[in-house]
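Here are my notes on this one, written as numbered points. Have the structure open while you read.

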Amino acid sequence: MPRNHRASWRALPAALATLWIAAAAAGTPGVLHRTSGAEPPSLDPTLGSGTLAAPMLSDMVEGLVARTPAIKPVPGAAEAWTVSPDGLTYTFRLREGLRWSDGRPLVAEDFVYSYRRLLDPATGASTAGLFQFLANAREITRKAAPPETLGVAAPDPRTVVFTLATPAPYFLQLLANTQAAPVPRHVIEKLGRDWTRPGSLVSNGPYVLAERVPQTHVRLTRNPNY
């Protein structure tokens, strides 16, 4: 995708927010209010995807691939990718200068860690089954192999390579889902499940968690490192 097209697509969340704000009949200028049916169960992308948390997570995280309004896969955290002729190897090139919301560099190993964590039965991700086509994924989810054997690797800081056991033409679409977004190993290993609390949650999308009052509201603010 040409550079100007990528830039335009990446600016879309802010543009859409501006349109929604302008269309609001009342409210605080510069603030977009949205409703939710109930309290989101988790703001961990690996665990909260497919739940009431999904709309919030989609504002806070960005996977290798994003989607246009027409559901077409476009570059997200990855600027480009290639697929082998047999459909079993996907190679992604990360955009230069990616950072977590705390300013720490986001590198290919972060994606490797995130996918291993997603497939690890100890994590308890309900959507792990969607990625059973990855090499060794079935064995990992059955506890017959360690997560480190999953078919994902980082040959260098800006390259992520997936090896599939069987072709999956829908793989790019899955990568645009929130459970496929990276999570910060340096925070999770320090705080455990408490990493999703305000002031602790580190993400890589256009917005970050500023406040969460259970059964009341969740407040997001713009991520200065996006």
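**Notes on the aromatic rings**

1. Let's start with Phe 171: its relative accessibility is 0%, so Phe 171 counts as buried (under 20% relative accessible area; exposed is over 50%, partly exposed in between, with a 1.4 Å probe and protein chains only). Phe 133 is buried too, because its relative accessibility is 5%.

2. A word on the ground rules: this is a predicted model, where local features need pLDDT of at least 70, side-chain atom pairs count only at pLDDT 80 or more, and totals for chains, interfaces and linings use all residues. Residues are numbered from 1 along each chain as its sequence is written, and side-chain values use heavy atoms, leaving out hydrogens and water.

3. How confident is the predictor? The protein's mean pLDDT (confidence in each residue, from 0 to 100) is 87, and 85% of its residues reach 70 or more. Over residues 1–9, though, the pLDDT is below 50.

4. Now the rings: the structure holds 9 aromatic pairs. Rings of Phe, Tyr and Trp (its six-membered ring) pair if their centres lie within 6.5 Å; planes under 30 degrees apart are stacked, over 60 edge-to-face, and the rest tilted.

5. Tyr 115 and Phe 162 make an edge-to-face pair, 5.0 Å centre to centre with 85° between the planes. Both residues, Tyr 115 and Phe 162, are buried.

6. Back to Phe 133 and Phe 171: their ring centres are 5.3 Å apart and their planes at 80°, so this pair is edge-to-face.

Conventions: pLDDT is the predictor's confidence in each residue, from 0 to 100. Contact means heavy atoms within 4.5 Å.
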